[in-house]
Amino acid sequence: MENGVARPVIVAIDGPSGTGKSSTSKAVAAQLGLSYLDTGAQYRAITWWMVTNGIDIEDPSAIAAVAGKAEIVSGTDPEKPTITVDGVDVAGPIRTQEITSKVSAVSAVPEVRTRITELQRSLAASAEQGIVVEGRDIGTTVLPDADLKVFLTASPEARAARRSGELKGADVNATREALVKRDAADAGRKTSPLAKADDAVEVDTTELTLAQVIECVVTLVEEKRAGK
């Protein structure tokens with residue numbers, strides 16, 4: 001843009017669950033004055049809609065037939081991200097174990113991914129300052145031209161410990177098994193699998209505190225901005 005105004009910066013943060021993606025993405029966006037989008041919440045939202053409307057989750061054609069029906073609206077303020085489906089606030093309901101266990105099956109349906117990817121791209125395009133978008137296929141599929149791509153990793157043990165900390169009273173071993181299973185499903189699916197983009201910067205968070213991960217990503221974004 002002219003007049004020395006910095007152009008919007010688009011940051012893609014991918015990686016499996018339990019790597020600190022959400023906490024990192026929100027904090028980086030807040031610190032840098034960017035919008036924030038949790039794409040996993042959108043997949044959870046459409047899964048919640050399917051379950052609520054009695055759609056057979058085992059039947060991809062049934063899911064595909066109604067993939068366009070739910071009206072999903074994501075608020076992109078990193079301080080208070082919101083998500084509604086057909087005007088209903090679903091921020092709480094989409095985090096239940098029932099939805100978590102079904103989201104991979106719904107997300108694997110190509111019509112669902114096409115629909116949600118379109119939503120994500122339009123939100124990224126309309127973010128005036130720029131946006132931090134977190135998910136599993138952002139750098140590879142959704143926003144392949146992102147200014148910065150970060151891929152967060154951590155050992156399965158570290159991730160399970162973090163997740164079971166989030167899911168109150170969850171058994172670490174059971175959590176680890178569920179994580180590994182979900183990653184395998186997401187990495188193995190045909191449409192937009194969980195994968196690291198060739199030009200992504202990999203950050204292993206196993207030994208890092210959340211503050212260190214945030215600092216690392218903020219530095220990467222600032223370097224990108226300075227280099228433009």
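The model is predicted, so local features need pLDDT of at least 70 and side-chain atom pairs count only at pLDDT 80 or more, while totals for chains, interfaces and linings use all residues. Residues are numbered from 1 along each chain as its sequence is written, and side-chain values use heavy atoms, with hydrogens and water left out.

**Exercise 1. The overall build**

Task: find how many helices and strands the protein has, and what its radius of gyration says about a compact globule.

Solution: 
- Step 1. The protein has nine helices and eight strands. Helices (H or I, at least four residues) and strands (E, at least two) are DSSP runs, numbered from the N terminus.
- Step 2. A compact globule of 228 residues would have a radius of gyration near 17 Å, and the protein agrees because its value is 17 Å. This radius is taken over C-alpha atoms, and the globule rule is 2.2 Å times the number of residues to the power 0.38.
- Step 3. Along the principal axes, the C-alpha atoms fill a box of roughly 55 × 40 × 30 Å.
- Step 4. Of the 228 residues, 46% count as buried. Buried means under 20% relative accessible area, exposed over 50%, and partly exposed in between (1.4 Å probe, protein chains only).

**Exercise 2. The largest pocket**

Task: describe the volume and the lining of the largest pocket.

Solution: 
- Step 1. Start with the idea: rolling a probe the size of a water molecule over the atoms shows where empty space is left. On a 1 Å grid over the protein atoms alone, a pocket is an open set of points where a 1.4 Å probe fits, with protein on both sides within 12 Å along at least five of seven lines; lining residues have an atom within 4 Å of a point.
- Step 2. The space in the largest pocket is about 940 Å³. Grid points are joined across faces, edges and corners, and a volume is the space filled by probe spheres set on the points.
- Step 3. The lining has 48 residues, and S22, D38, R95, E134 and R163 lie nearest the centre.
- Step 4. Helix 2 (residues 39-52) gives the most to this lining, with six residues.
- Step 5. Sorted by class, the lining holds 14 nonpolar, 19 polar and 15 charged residues. Ala, Val, Leu, Ile, Met, Phe, Trp, Tyr, Cys and Pro count as nonpolar, Asp, Glu, Lys and Arg as charged, and the others, Gly among them, as polar.

**Exercise 3. The second largest pocket**

Task: which helix gives the most to the lining of the second largest pocket?

Solution: 
- Step 1. This pocket has a volume of about 390 Å³.
- Step 2. Its lining has 16 residues, with Q97, T100, S101, A178 and R182 nearest the centre.
- Step 3. Helix 4 (97-107) and helix 8 (172-188) are the elements that give two or more residues.
- Step 4. Helix 8 gives the most, with seven residues.

**Exercise 4. Two residues up close**

Task: where does D86 lie, and which residues does T140 contact beyond its neighbours within four places in sequence?

Solution: 
- Step 1. D86 lies in the loop between strand 4 (82-85) and strand 5 (88-89).
- Step 2. Most residues other than glycine have a negative phi. The phi of D86, however, is positive, near 50 degrees.
- Step 3. D86 counts as partly exposed because its relative accessibility is 41%.
- Step 4. T140 lies in helix 6 (residues 138-142). Leaving aside those neighbours, T140 is in contact (heavy atoms within 4.5 Å) with P193, A195, K196 and A197.
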